[in-house]
Amino acid sequence: MLFRSLRYLQSTVDHRVGWRSDATQYGARTYWASAAETLSSGVGDDDDRAILKFQALRELGFPRNDFYLMMGRDKVRGDYVMLVAKARGRWWLLEEQGDTPVPAEQRTGFEPAASFGAGRAWVHGRLRSYGVAANSAPRVRTAAVATATP
């Protein structure tokens, strides 16, 4: 049931919200629009779509510890924001395009920087490793940096 909700939300936002940069839409380098603003205009960029999905899951009663906004750097797109949600015992990425959420472990070319939601935030980073072979995979460290009470 939860995964079907994620798939429906991903597909609906992808088909009903057109893409437009913040520079064109708001005359600013970056602007994080509310769900109401994005729905009203019918357009938005990656962060606007992620916020819309985040607010939709909250309104639908999705478990609040099971979805977060994640900011980072994509090798192709540059700075990038997406929604991360848990269903069927795994984490899924709801990106700005595509009909179906992507399993988090299958996503490549993205370096997370920070995640937040449910009154918590994390800063992601790489652990320094000295004397490690050049072809070994980097380890990623995640640290909780803020916790707020509901």
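**Reading pockets and cores**

Modeller: The largest pocket here has a volume of about 430 Å³, a volume being the space filled by probe spheres set on grid points that are joined across faces, edges and corners. This is a predicted model, in which local features need pLDDT of at least 70 and side-chain atom pairs count only at pLDDT 80 or more, while totals for chains, interfaces and linings use all residues. Residues are numbered from 1 along each chain as its sequence is written, and side-chain values use heavy atoms, with hydrogens and water left out.

Colleague: Which residues that line the largest pocket are the closest to its centre?

Modeller: On a 1 Å grid over the protein atoms alone, a pocket is an open set of points where a 1.4 Å probe fits, with protein on both sides within 12 Å along at least five of seven lines, and lining residues have an atom within 4 Å of a point. Of the 18 lining residues in this case, Asp45, Asp46, Asp47, Asp79 and Tyr80 are the closest to the centre.

Colleague: How do the residues of this lining divide into nonpolar, polar and charged?

Modeller: Ala, Val, Leu, Ile, Met, Phe, Trp, Tyr, Cys and Pro count as nonpolar, Asp, Glu, Lys and Arg as charged, and the others, Gly among them, as polar. The lining of the largest pocket holds 6 nonpolar, 4 polar and 8 charged residues, whereas that of the second largest pocket has 11 nonpolar, 2 polar and 2 charged.

Colleague: Which element gives the most to the lining of the largest pocket?

Modeller: Elements are DSSP runs numbered from the N terminus, helices being H or I with at least four residues and strands E with at least two. β4 gives the most, with 4 residues.

Colleague: What is the largest nonpolar core made of?

Modeller: A nonpolar core is a set of buried Ala, Val, Leu, Ile, Met, Phe, Trp, Tyr and Cys residues joined through side-chain atoms within 4.5 Å, where buried means under 20% relative accessible area, with a 1.4 Å probe and protein chains only. The largest has 21 residues, and among those with the most contacts inside it are Leu6, Phe67 and Leu94. α4 (46-59) is one of the elements that give two or more residues to this core, and α4 gives the most, with 6 residues.

Colleague: Why does Thr38 count as buried?

Modeller: Thr38, found in helix α3 (residues 35-41), counts as buried because its relative accessibility is 0%. Contact means heavy atoms within 4.5 Å, and, not counting residues up to four places away in sequence, Thr38 touches Val17, Ala33, Val43, Asp48 and Leu52.

Definitions and conventions
Buried means under 20% relative accessible area, exposed over 50%, partly exposed in between (1.4 Å probe, protein chains only).
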